Amino acid sequence: MTFPVRVPARPDVRRWAGAAALAAVCSLSLAACGDDPEPVSDETSEPTAGGSSEPAPTASPSEPTDSPTASPSESPSGTTVPVYYAGDGPGGTVLFREFRRVEGDPLLEAARLVAGGTPDDPDYRTLWPQVEITSVQATDGVLLVTVPSDAFTAAPDGMSERDARLALQQLVYTLQGVQQERVPVQVQREGGAPLFGLPTEAPYEAADPLQTLNLVSITSPAEGDTVTGDSLTVTGVSSSFEASGPCRILRGDVVLVDGGYQAEGWLDRLYPFEAQLPLDGVTGEVTLQCETDDPSGGTEGNGPAVDTKTITIAG
């Protein structure tokens, strides 16, 4: 679920915690031109186990702190990759990230999850209709995505122009995360046909993360995880007022555990955070909810950004 439950103020808990071809297109918030500044990353670390019964991959120690996302993790059972899906933010549709395990070419399989995959979190969705992607290649300084069909030259019914741009940002953020480089993403179609009504002659960069991503995102535990232990380690990323915000465990509307996080920064991008929540006497299926701070108390703006995960706490 990604809807806030309003509860009393949190205690203070401290820890570390986006190239279209046309100039008119480039001026819009979700389009990016080749001459735009490099996108700012959102997170550097992969999910940690966080008490989950399923071991999660860990980030490479040599990974740069300004990388677009965590580097993919390989194992005998496949590769774990970041995939960006759409969800509801306080001001409209934004992108959330999931880590998914894929077999085969990580770039191609991650792109296919964007173009028709089903997220693990039921609150997320893809903005893409079912579109065939036949290859993704890192070549000539771009990530070249081949879409052979001439379907969806125009946007499908119900897809706004903003959603069309955000759909392309799903692809950009995902592939840059898998590749671990801020490499432009070029959609290749026969004759240079548009996709969703947007031009494909020039590559796309990642749009401004603060206008594209939900401002808080839980990395670990993941949706559906079972956790054990006396406390729950929560990791994620946020851009929240004064780099802090609440994290809670709820059952329905009842707050079972009330806590908070302190991230490494705010304002310019999303920064990592970590929180520890006690699990004293808490068992069964619950909702983990983290938010950005709302210093106005709901009197100004759209309210806090929220992300939630349904998890099970084993006794």
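Visitor: What is the strand order of the open sheet of 3 strands?
Guide: This is a predicted model, where local features need pLDDT of at least 70, side-chain atom pairs count only at pLDDT 80 or more, and totals for chains, interfaces and linings use all residues. Residues are numbered from 1 along each chain as its sequence is written, and side-chain values use heavy atoms, with hydrogens and water left out. Strands are DSSP runs of E, at least two residues, and helices are runs of H or I, at least four, numbered from the N terminus. Pairing in this open sheet is mixed, and the order is β4-β5-β6.

Visitor: Which strands stand at the edges there?
Guide: Two strands pair if DSSP finds at least two bridges between them. An edge strand here has a single partner, so one side is left without a neighbour in the sheet. Those strands are β4 (135-139) and β6 (185-188).

Visitor: What does the twist average from one strand to the next?
Guide: Axes are lines fitted to C-alpha atoms, for helices over the stretch in contact, and angles run from 0 to 180 degrees between N-to-C directions. From one strand to the next, the average twist is 25°.

Visitor: Which residue in β6 stands opposite Leu 143?
Guide: Strand β5 (residues 142-146) runs parallel to β6, joined by 4 bridges. Opposite Leu 143 stands Val 185.

Visitor: In the open sheet of 5 strands, which strands stand at the edges?
Guide: The order is β8-β14-β13-β10-β11, with mixed pairing.

Visitor: What is the bridge partner of Val 227 in β14?
Guide: β8 pairs with strand β14 (residues 306-313) in the parallel sense, over 2 bridges. The bridge partner of Val 227 is Ile 313.

Visitor: Is the disulfide of Cys 247 and Cys 290 right-handed or left-handed?
Guide: A disulfide is a pair of cysteine sulfur atoms within 2.5 Å, and the whole structure holds 1. The sulfur atoms of Cys 247 and Cys 290 are 2.1 Å apart. Cys 247 in strand β10 (residues 244-251) is linked to Cys 290 in strand β13 (residues 284-291), 43 residues apart. The S-S torsion is about 105°, so the disulfide is right-handed.

Visitor: Are Cys 247 and Cys 290 buried or exposed?
Guide: Buried means under 20% relative accessible area, exposed over 50%, partly exposed in between (1.4 Å probe, protein chains only). By that rule, both Cys 247 and Cys 290 are buried.

Visitor: How many aromatic pairs are there?
Guide: Rings of Phe, Tyr and Trp (its six-membered ring) pair if their centres lie within 6.5 Å. Planes under 30 degrees apart count as stacked, over 60 as edge-to-face and the rest as tilted. The count is 6.

Visitor: Is the pair of Tyr 84 and Tyr 173 stacked or tilted?
Guide: Tyr 84 lies in strand β2 (residues 78-89) and Tyr 173 in helix α3 (residues 161-179), 89 residues apart. Tyr 84 is buried at 1% relative accessibility, and Tyr 173 is buried at 5%. The ring centres are 5.4 Å apart and the planes stand at 50°, so the pair is tilted.

Visitor: Is the pair of Tyr 261 and Phe 273 stacked or tilted?
Guide: Tyr 261 lies in strand β11 and Phe 273 in strand β12 (residues 271-278), so the pair ties together parts 12 residues apart in sequence. Tyr 261 is buried at 1% relative accessibility, and Phe 273 is buried at 1%. Ring centres lie 4.1 Å apart with planes at 20°, so the pair is stacked.
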